[in-house]
Amino acid sequence: MASLSGLASALESYRGRDRLIRMLGYCCQLVGGILVEQGPARSDVGTRLLALSTQLSHCRTVLRLFDDLAMFAYTKQYGLGTEEEDTFVRGLSVLGNLADQLYYPCEHVAWAADAKILHVDAARWWTLSTAFWGLSLLLGIARSLRMVLKLRRQLKSHTATFPGRHPRRSGSSWQALEAQVRSELLTLLSNLADLANAVHWLPAGVLWAGRFPPWLVGLLGTVSSILSVYQAIRVPSNRAEATTP
């Protein structure tokens with residue numbers, strides 16, 4: 001009953017629903033892609049799962065039509081990141097916020113073009129939105145790497161301050177630093193998985209664009225989604241999360 005209550009609570013929030021729909025969609029793509037490749041006997045079920053995955057993705061795209069204001073509020077609140085001591089991290093965060101902010105209107109235009117609401121080239125706008133998503137992920141990866149290096153230096157400094165003592169007995173500050181390192185590593189892995197998919201969705205000729213089979217896209221998305229859900233449960237963040245593909 002406790003697990004059902006927790007699931008119900010998660011589904012009451014927009015972010016919780018989005019994470020669940022995302023994970024379910026990528027899981028369907030993973031299983032469906034595997035079944036389709038196993039032969040005609042299972043291809044029908046696989047095709048249906050891939051169709052379900054596509055519809056869940058469309059659902060999230062429509063829901064993201066209302067994300068601009070929340071992202072703008074966070075971007076305005078963060079500003080130039082004057083509270084961040086590390087200038088490099090501050091710059092990466094500001095640029096990441098800008099990329100996330102620009103991603104949304106580009107996707108909205110692409111969606112409207114697909115829905116025949118706007119008479120523009122949908123493919124061009126989808127490419128632009130994916131490019132902004134990829135840029136945001138690259139900046140996030142660089143930020144996480146910087147933070148991991150910075151936190152590990154602090155851990156070494158902390159160890160030198162308390163020689164001869166077990167690290168976990170040297171105070172709550174050590175455990176807090178370890179938790180931050182784990183959080184940044186999980187974010188790094190999640191962003192790397194998403195970046196692989198982002199490149200796959202770029203126009204043909206860009207690195208490995210268009211070369212992933214559906215099951216691999218589903219696998220990478222599932223890994224990223226599970227890591228995101230885990231972090232949301234274990235390591236709540238004050239940073240706005242762009243609800244990207």
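Predicted model: local features only at pLDDT ≥ 70, side-chain atom pairs only at ≥ 80, totals over all residues.
The phi of Lys116 is positive, near 65°, and the residue is not a glycine. Most residues other than glycine have a negative phi. Lys116 has a relative accessibility of 66% and therefore counts as exposed, the cut-off for that class being over 50%. Leu207 is a further non-glycine residue with a positive phi, about 50°. Leu207 is placed in the loop between α7 and α8. With a relative accessibility of 58%, Leu207 also falls in the exposed class.

Helix α2 (residues 14–37) packs against helix α8 (residues 214–234) at an angle of about 155°, and the two axes are 7 Å apart. Angles over 145 degrees count as roughly antiparallel, and α2 and α8 are therefore roughly antiparallel to each other. Their crossing is left-handed. Sorted by class, the residues in the contact of α2 with α8 are twelve nonpolar, eight polar and three charged.

Helix α2 also packs against helix α3 (residues 40–63), with an angle of about 155° and axes 7 Å apart. This angle makes α2 roughly antiparallel to α3. The crossing of α2 and α3 is left-handed. The contact of α2 with α3 comprises 14 nonpolar, eight polar and four charged residues. Gly39, which follows α2, has a positive phi, near 125°.

The length of α2 agrees with its residue count: at 1.5 Å a residue, its 24 residues should span 34 Å, and the C-alpha atoms at its ends are 35 Å apart. For α8, which has 21 residues, the distance from the first C-alpha to the last is 30 Å, close to the 30 Å expected at 1.5 Å a residue.

The buried residues of α2 are Gly16, Asp18, Ile21, Arg22, Gly25, Tyr26, Cys28, Gln29, Leu30, Gly32, Gly33 and Leu35. Among them are the charged residues Asp18 and Arg22. In α8, the buried residues are Leu216, Val217, Gly218, Leu220, Gly221, Thr222, Ser224, Ser225, Leu227, Ser228 and Gln231. The elements that cover these buried residues of α8 include α2 and α7 (172–200).

Notes: Residues numbered from 1 in each chain as written. Heavy atoms only, no water. Axes fitted to C-alpha atoms, helices over the stretch in contact; angles between N-to-C directions. Helix = DSSP H or I, 4+ residues; strand = E, 2+ residues; numbered from the N terminus. Parallel < 35°, antiparallel > 145°, perpendicular 65-115°, else oblique. Left-handed = near helix turned anticlockwise from the far one by under 90°. Expected span 1.5 Å × (residues − 1). Buried < 20%, exposed > 50% of the residue type's maximum accessible area, 1.4 Å probe, protein only. Contact = heavy atoms within 4.5 Å.
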